[in-house]
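Welcome, and thanks for taking a look at this one with us. Please have the sequence and the model open side by side as you read.

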Amino acid sequence: MTAQALIPLPVLIPALAAALTLIAGRRPRLQRVITQLALAAVVAVCAALVYLADRDGTLALHVGGWGQTVPGMGPLGITLVVDRLSALMLVVSSIVLLAVVAYAIGQGIRDGDERQPVSIFLPTYLVLSAGVCTAFLAGDLFNLFVGFEVLLAASFVLLTIGASEERVRAGISYVMVSMVSSLIFLIGIALVYAATGTLNLAELAVRLDDVPAGTRNALFAVLLVAFGIKAAVFPLSTWLPDSYPTAPAPVTAVFAGLLTKVGVYAIIRAHALLFPGGSLDSVLLVAGLLTMVIGILGAIAQSDIKRLLSFTLVSHIGYMVFGVALGNQLGMSGAIYYVAHHIVVQTTLFLVVGLIERQAGASTLNRLGGLAAASPLLAFVFVVPALNLGGIPPFSGFIGKVALLEAGAENGSALAWTLVAGGVVTSLLTLYVVARVWTKAFWRSRADAPEGHLAAAAPSVLLDDTQDVEFADRDNVGRMPSGMLVPTGALIAVGLALTIAAGPIFGYGERSAAEVLDRGQYISAVLGGTAR
């Protein structure tokens with residue numbers, strides 16, 4: 001099998017598996033097996049693509065075998081492209097998708113499938129996986145739009161699963177914001193095509209150089225607004241804290257870990273490949289600073305852990321925008337490494353919140369207390385990713401932030417130094433936020449919690465490896481099934497691997513950044529001898 005033959009598999013495997021799980025809708029065990037095997041296969045394929053992209057450079061596949069370029073029109077058909085950046089995003093995303101679905105299956109088995117429409121959940125989740133992979137592989141703007149729309153359509157279903165009043169209300173808000181973002185993106189695509197006559201990213205990288213600077217900046221601004229909404233960049237981020245916390249824990253986890261990062265990936269592509277030169281870098285730097293500071297201030301004001309983590313999610317998007325906007329290789333390397341780190345750590349923390357809800361019956365700090373004494377294991381699975389998010393050395397969060405701060409110092413401008421100061425303050429406030437969760441939920445006695453009497457009593461036994469038990473038949477809702485705990489532990493291990501193997505992984509990020517900033521490699525891989 002050639003390297004090009006592997007490129008469409010991250011999309012085809014979950015798409016075909018989604019069809020099979022729909023056919024097996026009355027056989028939930030078969031659905032689970034198909035889903036987990038499909039996503040495990042995607043992890044293997046993406047790992048192979050990382051190796052091949054690092055060894056051979058950018059890989060391109062012209063779907064349908066067209067393989068030629070028409071003068072004045074660009075490449076025919078759909079082009080899928082894998083370089084080091086997209087390969088890294090694919091492998092990290094596929095690992096997270098596999099871990100989260102294993103967690104969701106473990107939760108469904110333990111709580112009883114009749115509580116959620118699981119026959120719909122797994123096919124929709126696989127469609128979401130296919131949409132995420134499509135966005136990372138797309139070699140043209142229209143298919144990037146298609147990838148966004150596939151994952152957004154699936155996310156609408158997942159967000160409102162169970163159809164409670166709170167979820168439907170949040171889902172309506174999420175749908176409206178997503179539709180506005182998609183409409184702006186579609187307008188941007190139309191304007192880009194009107195100005196250049198093509199939507200292929202490699203061809204656009206060539207033709208946009210001939211477009212007047214004012215027009216080029218206007219096109220970039222339109223696309224940045226669309227991608228900024230999807231990435232939750234301030235001031236386009238107000239929708240996120242109200243939408244994500246209402247969903248079930250696995251859905252919230254995969255949304256927080258992945259969906260905003262697809263928007264960040266699109267910003268990186270647009271900034272480095274289509275609109276290099278730094279014309280809007282100052283705007284991005286200001287947006288990055290405001291995203292960091294206002295996001296973390298919002299987190300400080302929250303008493304619910306889900307909403308608190310949603311605000312920290314917004315805040316740390318600012319670090320990634322900071323690295324991209326600096327325009328130097330170290331900044332891009334730090335941003336790429338930080339994206340990989342944040343996908344894993346943020347997803348892990350939301351899964352831990354699901355375990356806290358199961359153990360204590362609530363995720364509100366006013367009702368929590370004594371969790372460290374009741375479950376040292378639960379305390380451990382929280383504190384490791386929490387310290388990682390806070391940037392405590394030697395965790396990967398610290399490594400990524402140091403690289404970004406060093407890149408800001410290397411830039412040397414007054415605005416870059418302001419971002420450096422903002423990044424340090426945000427990191428300290430993030431540590432304060434997670435320490436506040438620790439002291440209130442884990443360290444203090446539940447009797448000292450203002451509303452502690454409203455939460456379920458903490459059980460003495462928290463780890464349960466017994467067979468499947470229907471929710472109505474369980475005598476202890478507070479136990480943590482191994483089906484939920486093991487995937488959470490696996491993601492903690494992946495986060496620690498980003499620290500233990502930080503040298504090789506950051507080296508890969510440096511090569512990715514060099515490849516992203518050197519547009520010639522991408523253009524030559526897609527256009528071949530037709531590139532100017």
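This is a predicted model: local features need pLDDT of at least 70, side-chain atom pairs count only at pLDDT 80 or more; totals for chains, interfaces and linings use all residues.

Let us begin with the helices. Helix α6 packs against helix α11 at an angle of about 160°, and their axes lie 12 Å apart. Because angles over 145 degrees count as roughly antiparallel, α6 is roughly antiparallel to α11. The crossing of these two helices is left-handed. From α6, the residues Leu144, Phe148, Leu151, Ser155, Leu158 and Leu159 take part in the contact, and they meet Val251, Phe255, Leu259, Val262, Gly263 and Ala266 in α11. Sorted by class, the contact of α6 with α11 has ten nonpolar and two polar residues, with no charged ones.

Staying in helix α11, we come to Thr252. Is Thr252 buried or exposed? With a relative accessible area of 1%, Thr252 is buried, since the cut-off for buried is under 20%. Leaving aside residues up to four places away in sequence, Thr252 touches Tyr244, Ala247 and Phe350.

Now for the strands. β1 and β4 run antiparallel and are joined by five bridges. Strand β4 is mostly covered, with four of its five residues buried.

Here are the elements of the tour with their residue ranges:

| Element | Residues |
|---|---|
| Helix α6 | residues 141–159 |
| Helix α11 | residues 249–274 |
| Strand β1 | residues 59–63 |
| Strand β4 | residues 78–82 |

Definitions and conventions. Residues are numbered from 1 along each chain as its sequence is written. Side-chain values use heavy atoms; hydrogens and water are left out. Axes are lines fitted to C-alpha atoms, for helices over the stretch in contact, and angles run from 0 to 180 degrees between N-to-C directions. Angles under 35 degrees count as roughly parallel, over 145 as roughly antiparallel, 65 to 115 as roughly perpendicular and the rest as oblique. A crossing is left-handed if the near helix is turned anticlockwise from the far one by less than a right angle, and right-handed if clockwise. Contact means heavy atoms within 4.5 Å. Ala, Val, Leu, Ile, Met, Phe, Trp, Tyr, Cys and Pro count as nonpolar, Asp, Glu, Lys and Arg as charged, and the others, Gly among them, as polar. Buried means under 20% relative accessible area, exposed over 50%, partly exposed in between (1.4 Å probe, protein chains only). Two strands pair if DSSP finds at least two bridges between them.
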